[in-house]
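Me: I have this one open in the viewer now, and I'd like to go through it with you. Can we start with the overall layout and then look at charged pairs?

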Amino acid sequence: MFASPSPLTPPLTSPLGSPAFRTSPGVSAGTATRWRHSLAALALLGATSLAQAVTPGSAAPAFSLTDLQGKPLTLESLRGQWVVLEWTNPECPFVRKHYDSGNMQATQRAAADLKVTWVQVNSTNAGHGEYYPPAKMQDWLSRMKAAPTHATLDASGTVGKTYGAKTTPHMYL
């Protein structure tokens with residue numbers, strides 16, 4: 001337990017703490033509380049690398065990605081939303097553990113129920129043997145029954161480097 005509030009704690013006016021959120025249809029108080037705790041844990045898990053790439057409390061770095069259908073996705077287009085960035089690599093044994101067990105998909109669906117935007121980022125270099133082109137990545141997502149809001153590729157690694165994402169799964173809130 002923390003003796004003082006974390007600088008990553010969302011402000012009291014956040015969507016996760018607002019009375020409208022706690023009383024949203026289909027979201028029980030227990031579910032809302034578990035999700036606030038889970039999302040806070042995600043933020044804390046990413047704190048070490050985030051501290052290297054971004055100062056807590058500062059604006060998240062702008063990014064521009066391309067989704068698996070070739071459409072652009074920018075941070076600016078997500079302004080005002082809670083966003084989870086999940087770095088993934090389907091060949092990573094830790095990613096496979098979470099997807100094979102259904103943990104990640106359940107977390108994605110619960111986040112969607114809470115109006116959290118889930119952006120999955122694959123920063124594997126196109127020249128690497130573990131790179132999945134868009135069609136193969138989409139096939140893997142379908143087989144895994146994954147439910148990210150957006151699935152994107154960052155084959156240049158630019159966004160991953162900007163955020164300090166070095167492992168998979170690696171997540172930021």
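Me: What pattern does the protein follow, read along the sequence?
Reply: Keeping in mind that this is a predicted model, the order along the sequence is α-α-α-β-β-β-α-α-β-α-β-α-β, which comprises 7 helices and 6 strands.

Me: How much of the protein counts as buried?
Reply: Of its 173 residues, 39% count as buried, while the accessible surface comes to about 9,600 Å², with 59% of that belonging to carbon and sulfur atoms.

Me: Switching to charges, how many salt bridges are there in the whole structure?
Reply: A search of the whole structure gives 3 salt bridges, and one of them joins the side chains of Arg 79 and Glu 76 at 2.8 Å, N to O.

Me: Are Arg 79 and Glu 76 buried or exposed?
Reply: Arg 79 and Glu 76 are both exposed.

Me: Which residue does Glu 91 pair with?
Reply: Glu 91 forms a salt bridge with Arg 96, where the closest N and O atoms are 4.0 Å apart; Glu 91 counts as partly exposed because its relative accessibility is 29%, and Arg 96 counts as partly exposed at 35%.

Me: What about Asp 139 and Arg 143, how far apart are they in helix α6?
Reply: They are 4 residues apart in helix α6 (residues 134-144), so about one helical turn separates them, and their side chains meet in a salt bridge at 3.1 Å, N to O. Asp 139 is partly exposed, with a relative accessible area of 40%.

Notes:
Residues numbered from 1 in each chain as written. Predicted model: local features only at pLDDT ≥ 70, side-chain atom pairs only at ≥ 80, totals over all residues. Heavy atoms only, no water. Buried < 20%, exposed > 50% of the residue type's maximum accessible area, 1.4 Å probe, protein only. Helix = DSSP H or I, 4+ residues; strand = E, 2+ residues; numbered from the N terminus. Areas by Shrake-Rupley, 256 points an atom, 1.4 Å probe, with all protein chains shown as cover.
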